[in-house]
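The sequence and structure follow.

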Amino acid sequence: MNVVVDTNVLVSGLLCPFSPSGDIVRMVSSGDIRLCLDGRILSEYEDILGRPKFRFDGEKVRILQDFICQNGQVCTAQPLPRPLPDHDDEAFMEVASAASAAYLVTGNISHFPVECRGKIRVVTPRQFVELWKSGS
């Protein structure tokens with residue numbers, strides 16, 4: 001299943017491995033889900049996950065990033081017809097649209113207003129895990 005995962009989900013999953021976000025990080029690491037991304041998203045992952053305030057093990061983050069690079073679906077996205085409230089979130093919606101991703105998973109649903117989503121299903125980590133478990 002191809003999905004777009006907002007950076008906040010990866011951060012949350014690494015900070016709280018027994019949370020729905022942690023489940024998603026494990027799904028990514030095991031290849032159960034495939035991340036859709038572009039250079040902007042990959043750059044944001046690298047920047048945010050590398051911040052000293054999180055105190056993530058640099059080697060583990062590098063391994064995760066390498067796995068994402070090797071196994072992710074890289075695509076070229078087009079600008080959105082309607083801008084999002086936070087310009088930094090547009091890459092995630094643009095890639096989800098370009099890749100026809102099954103879901104865009106984010107901890108910030110409000111950053112993706114319904115009127116800007118088009119056909120993209122935007123869900124929280126908990127909703128995604130529940131959908132995954134139910135086979136949806």
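## A buried loop residue

Phe112 counts as buried, at 0% relative accessibility; buried means under 20% relative accessible area, exposed over 50%, and partly exposed in between, with a 1.4 Å probe and protein chains only. Phe112 is located in the loop between strand 4 (103-105) and helix 6 (114-117). Helices (H or I, at least four residues) and strands (E, at least two) are DSSP runs, numbered from the N terminus. Contact means heavy atoms within 4.5 Å. With neighbours within four places in sequence left aside, Phe112 contacts Asp6, Leu84, Asp89, Phe92, Met93, Leu104, Thr106, Arg117 and Val122. Phe112 and Val5 are 107 residues apart along the chain, and their C-alpha atoms are separated by 13 Å.

## Basis of the values

This is a predicted model: local features need pLDDT of at least 70, side-chain atom pairs count only at pLDDT 80 or more, and totals for chains, interfaces and linings use all residues. Residues are numbered from 1 along each chain as its sequence is written, and side-chain values use heavy atoms, with hydrogens and water left out.

## Nonpolar core

A nonpolar core is a set of buried Ala, Val, Leu, Ile, Met, Phe, Trp, Tyr and Cys residues joined through side-chain atoms within 4.5 Å. The largest one has 45 residues, and those with the most contacts inside it are Val4, Val5, Ile24, Tyr45, Leu104 and Phe128. Helix 5 (residues 90-98) gives the most to this core, with 5 residues.

## Cys36 in strand 2

Cys36 belongs to strand 2 (residues 34-37) and is buried, with a relative accessible area of 0%. Not counting residues up to four places away in sequence, Cys36 touches Asn2, Val3, Val4, Ile41, Gln73, Val95, Ala99 and Ala101.

Axes are lines fitted to C-alpha atoms, for helices over the stretch in contact, and angles run from 0 to 180 degrees between N-to-C directions. The axes of helix 1 (residues 7-15) and helix 2 come within 7 Å and cross at roughly 100°. Helix 1 is therefore roughly perpendicular to helix 2; angles under 35 degrees count as roughly parallel, over 145 as roughly antiparallel, 65 to 115 as roughly perpendicular and the rest as oblique. Val9, Leu10, Ser12, Gly13 and Leu14 of helix 1 make the contact with Ser21, Gly22, Ile24 and Val25 of helix 2. These residues divide into 5 nonpolar, 4 polar and no charged. In this division Ala, Val, Leu, Ile, Met, Phe, Trp, Tyr, Cys and Pro count as nonpolar, Asp, Glu, Lys and Arg as charged, and the others, Gly among them, as polar.

Helix 1 packs with helix 3 at an angle of about 35°, their axes being 10 Å apart. The crossing of helix 1 past helix 3 is right-handed; a crossing is left-handed if the near helix is turned anticlockwise from the far one by less than a right angle, and right-handed if clockwise. Thr7, Leu10, Val11 and Leu14 of helix 1 meet Glu44, Tyr45, Ile48 and Leu49 of helix 3. The contact residues divide into 6 nonpolar, 1 polar and 1 charged.

## Helix 2 with helix 7

Helix 2 (residues 20-30) and helix 7 (residues 125-134) have axes that come within 8 Å and cross at roughly 55°. The two helices are therefore oblique to each other, and helix 2 passes helix 7 in a left-handed crossing. From helix 2, Pro20, Ser21, Asp23, Ile24 and Met27 meet Pro125, Arg126, Phe128, Val129 and Trp132 in helix 7. By class, this contact has 7 nonpolar, 1 polar and 2 charged residues.

## Exposed loop residues

Arg55, in the loop between helix 3 (39-49) and helix 4 (58-71), has phi near 60°, a positive value in a residue other than glycine. Arg55 is exposed, with a relative accessible area of 76%. Ser100 lies in the loop between helix 5 and strand 4 and has a positive phi of about 50°, although it is not a glycine. Ser100 counts as exposed at 63% relative accessibility.

Ser110 is in the loop between strand 4 and helix 6 and counts as exposed at 61% relative accessibility. Ser110 and Val25 are 22 Å apart in space, C-alpha to C-alpha, and 85 residues apart in sequence.
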